[in-house]
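Dear colleague,

Here is the structure that I promised to pass on to you. My notes on what I found in it come after the model itself.

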Amino acid sequence: MAQGMNSQQPVFRLEGVSKSYGSVTALRDITLSVNGNEYISVLGPSGSGKSVLLRVIAGFDVPDSGRVVLEGRDITDVPAHERGIGFVFQNFALFPHLTVFENVAFGLRNGKVPVAAPDVEQRVKDMISLVGLAGMEGRGVHQISGGQKQRVALARTLVMAPRLVLLDEPLGALDANLRHRMRNELRAIREKLGVTFMHVTGSETEALAMGDRVVVLDHGRIAQFARPDQVYGQPASPSVAHFLNRYNIFEGELSGKRFTGPFGMIDAASVTPADKPACAIRYDRMKVEEEGTPGEGPAISASFVASEYLGSSVMYFFEAADGRVIEVEHHLSLGQPQSFEPKRRYRLRWKPEDAIVFGRG
Ligand code: ADP
Ligand code: MG
């Protein structure tokens, strides 16, 4: 968690913000409050409203209703360039004819408030060094790699000393290796500056790894806003569980707290409110047994399809009688991987308390 003087003070809030484009509702009644010195991830599938959310905060788009409040001041009608909010784009949007230094200096040299030349020099130098590009000041932006371009884009935004930094899929254009490294760097740079970052991503692993808190958007609504461990362990809806890509989700019937699905029946300790009944079990909470092994509680038969190594764990893919794919994750820290015979049927079992039951309980 972010630590800092003002970490529990809201740096900005949205109050009932909605935005439509014709018949498409991009944001529905978004109310949200973000603290100072905090890393916020925004997760959601394509089209869920992530970019529109950032654009409304930045002032590139005007909400149809609702207010945007920055440090206690209503900025809903303040133009984007007067908000003091930084924006980092996925495609970097650098000036191709300028050097690294000149790209970073551009905003200071061309802003509304004049900055003295020696101050420009110093601030640009410091920022280039902070993002790890010291020595590359004189290079053209066509002479640096994709990861370095992303750092220039970041430095160019941060040098303006924004009160809030919005990043729209900032790592999306980088290859997997670099993306992973840049995650740690982004977090480290943010911590040094103590400024709040709001980072949009379509990747659940990135959102969970990076955010002090995660906003999950579903069709323009906030489906959940909580710490990564809470989102991961207690998804607020079947959709959130689905976006996390870590849960097998079964539909079924709910009567009181009794859920009946393709695996039999379980009595839930609690029911998470949702429109439709569903039961979610984490991939790594499912055990694979030989068909016919005696045991109690919920279980489903499925035939083995394939496995896949992920480095620290193995995924096993099974197919149930109705054709649905069921995934089981085995963490290698818990022991050697099992080997299964393709097309053979196994019994997948879990503890009733590991099932998250949704519905109108
Ligand atoms: P994402 O979560 O992928 O970033 P967006 O926030 O870009 O999604 O878009 C949310 C919804 O709003 C989508 O249905 C999109 O088509 C629509 N939308 C976004 N911007 C515009 C626009 N300028 N004009 C019309 N529709 C838009
Ligand atoms: Mg987007």
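Phe-259 lies in strand S13, which covers residues 258–261; helices (H or I, at least four residues) and strands (E, at least two) are taken as DSSP runs and are numbered from the N terminus. Please bear in mind that this is a predicted model, in which local features need pLDDT of at least 70 and side-chain atom pairs count only at pLDDT 80 or more, while totals for chains, interfaces and linings use all residues. Residues are numbered from 1 along each chain as its sequence is written, and chains are lettered from A and ligands numbered from 1 in the order in which they are written.

Phe-259 counts as buried because it has 27 C-beta neighbours inside 10 Å; a residue is called buried if 20 or more other C-beta atoms lie within 10 Å of its own, exposed if 12 or fewer, and partly exposed in between, with the C-beta atoms placed from the backbone. Setting aside residues up to four places away in sequence, Phe-259 touches Gly-252, Leu-254, Ile-266, Ala-268, Pro-277, Cys-279 and Val-357, where a contact requires that the two C-beta atoms, placed from the backbone, lie within 7 Å. Cys-279 is 20 residues away from Phe-259 along the chain, and their C-alpha atoms are separated by 7.7 Å.

The open sheet is formed by four strands in the order S11-S16-S22-S15, with mixed pairing. Its edge strands, each of which pairs on one side only, are S11 (247–251) and S15 (271–273). Neighbouring strands of this sheet are turned by 30° against each other on average, direction ignored, the axes being lines fitted to C-alpha atoms (for helices over the stretch in contact) and the angles running from 0 to 180 degrees between N-to-C directions.

Glu-289, in strand S17 (residues 287–290), is partly exposed, with 13 other C-beta atoms within 10 Å. Leaving out neighbours within four places in sequence, Glu-289 is in contact with Gly-295, Tyr-346, Arg-347 and Arg-349. Ser-301 is twelve residues from Glu-289 in sequence, and the C-alpha atoms of the two are 9.6 Å apart.

Turning to the ligand, the residues that surround ligand 1 are Tyr-21, Val-24, Ala-26, Gly-44, Ser-46, Gly-47, Ser-48, Gly-49, Lys-50, Ser-51 and Val-52, each with its C-beta atom, placed from the backbone, within 6 Å of the molecule. Strand S2 (24–35) and helix H1 (50–58) are the elements that give two or more residues to this shell, and H1 gives the most, with three. H1 is mostly covered, as eight of its nine residues are buried, among them Lys-50, Ser-51 and Val-52. After H1 comes Gly-59, whose phi is positive, near 100°.

Strand S3 (residues 39–43) is also mostly covered, with four of its five residues buried. S3 pairs in the parallel sense with strand S8 (residues 196–201) over five bridges, and Leu-43 has Thr-201 of S8 as its bridge partner. S3 also runs parallel to strand S9 (residues 213–218), to which four bridges join it; here the partner of Ile-40 is Arg-213.

For helix H3 (residues 117–130), the 14 residues should span 20 Å at 1.5 Å a residue, and the end C-alpha atoms are 20 Å apart, which agrees; the expected span is 1.5 Å times one less than the number of residues. Its buried residues are Val-124, Met-127 and Ile-128. Seen down the axis of H3, these fall within an arc of 100°, so they line one face of the helix, the arc being that of the directions from the helix axis to the C-beta atoms. The buried residues of H3 pack against helix H2 (100–110) and helix H4 (146–158), whereas Pro-118, Asp-119 and Gln-122, on the other side of H3, are exposed.

For the chain as a whole, there are eight helices and 22 strands, and buried residues make up 38% of the 361 residues.

With best wishes

Methods: Pairing = 2+ DSSP bridges.
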